[in-house]
Amino acid sequence: MSSIENLRDKLRRIEALYAGATTDGERLAAAEAIDRIRKRLASAGATEPAREYKIGLRDDWTRQLFVALCNRYGIRTYRYQRQRRTTVMIRVPPSFLDNTLWPEFQELSAALREYLQAATRKIIEEEVWKDVE
């Protein structure tokens with residue numbers, strides 16, 4: 001399996017973990033996983049009011065990942081005038097952010113960062129100089 005396939009498999013497993021999947025069949029059913037998380041968001045919204053959160057992300061890569069994750073779950077992202085490009089505003093129930101969205105984002109971000117670091121190191125070793133230490 002290639003490194004990209006390994007990364008994709010790891011991302012699917014992380015998503016399945018936060019969707020509450022219990023069997024291999026569920027892990028493969030990404031549409032069902034997304035639907036379960038959307039239902040969790042709707043039920044959290046019914047029991048507690050949504051709050052506005054200002055999420056400051058360190059770079060464009062993490063911002064793109066966070067916005068994509070929000071879009072997947074139907075959460076509108078926005079920025080106010082004069083906010084930095086890496087700032088993302090969302091309005092969600094606190095329990096959904098704390099228990100689902102943020103932990104899933106952190107794990108996905110760590111997996112992507114690990115992959116990007118390995119890919120960068122490999123390209124530098126192959127094209128610039130073998131000793132990157």
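Which residues of helix 4 are buried? They are Thr-62, Arg-63, Leu-65, Phe-66, Val-67, Leu-69 and Cys-70, where buried means under 20% relative accessible area, exposed means over 50%, and partly exposed is what falls in between (1.4 Å probe, protein chains only). Before going on, keep in mind that this is a predicted model: local features need pLDDT of at least 70, side-chain atom pairs count only at pLDDT 80 or more, and totals for chains, interfaces and linings use all residues. Residues are numbered from 1 along each chain as its sequence is written, and side-chain values use heavy atoms, with hydrogens and water left out.

Now for the overall layout. The chain has five helices and two strands, and from the N terminus they run α-α-α-β-α-β-α. Helices here are DSSP runs of H or I with at least four residues, strands are runs of E with at least two, and both are numbered from the N terminus. Of the 133 residues, 34% count as buried. If you look at contacts (heavy atoms within 4.5 Å), residues 24 or more positions apart account for 68% of those with a separation of 6 or more. The chain exposes about 9000 Å², and carbon and sulfur atoms supply 51% of that; the areas come from the Shrake-Rupley method with a 1.4 Å probe, and for residues only the protein chains shown count as cover.

Back to helix 4, which covers residues 60–72. Its 13 residues reach 18 Å from the first C-alpha to the last, close to the 18 Å expected at 1.5 Å a residue; that expected span is 1.5 Å times one less than the number of residues. At the start of the helix, a side-chain oxygen of Asp-59 reaches to within 3.2 Å of the backbone nitrogen of Trp-61. Just after the helix, Gly-74 takes a positive phi of about 75°. The buried residues of helix 4 pack against strand 1 (51–56), strand 2 (87–92) and helix 5. Over in strand 1 sits Gly-56, which is exposed at 62% relative accessible area. The C-alpha atoms of Gly-56 and Met-89 are separated by 8.7 Å, although the two are 33 residues apart along the chain.

Arg-63 is worth a stop. Arg-63 counts as buried because its relative accessible area is 14%. Leaving out residues up to four places away in sequence, Arg-63 touches Leu-57, Arg-85, Thr-86 and Val-88. Arg-63 also forms a salt bridge with Asp-60, with the closest N and O atoms 3.4 Å apart; a salt bridge is a side-chain nitrogen of Lys or Arg within 4 Å of a carboxyl oxygen of Asp or Glu. Both residues lie in helix 4, three residues apart, about one turn of the helix. Asp-60 is partly exposed at 31%, and its side chain meets Arg-85 in a salt bridge as well (3.6 Å, N to O). That pair links distant parts of the chain, 25 residues apart, with Arg-85 in the loop between helix 4 and strand 2.

The whole structure holds five salt bridges. Another of them joins Glu-125 and Arg-121 at 3.3 Å, N to O, both in helix 5 and four residues apart. Glu-125 is partly exposed at 30%, as is Arg-121 at 38%.

How values were computed. A polar contact is a pair of N or O atoms within 3.5 Å; within protein, one must be able to donate a hydrogen and the other to accept it, and residues adjacent in sequence count only if both atoms are side-chain atoms.
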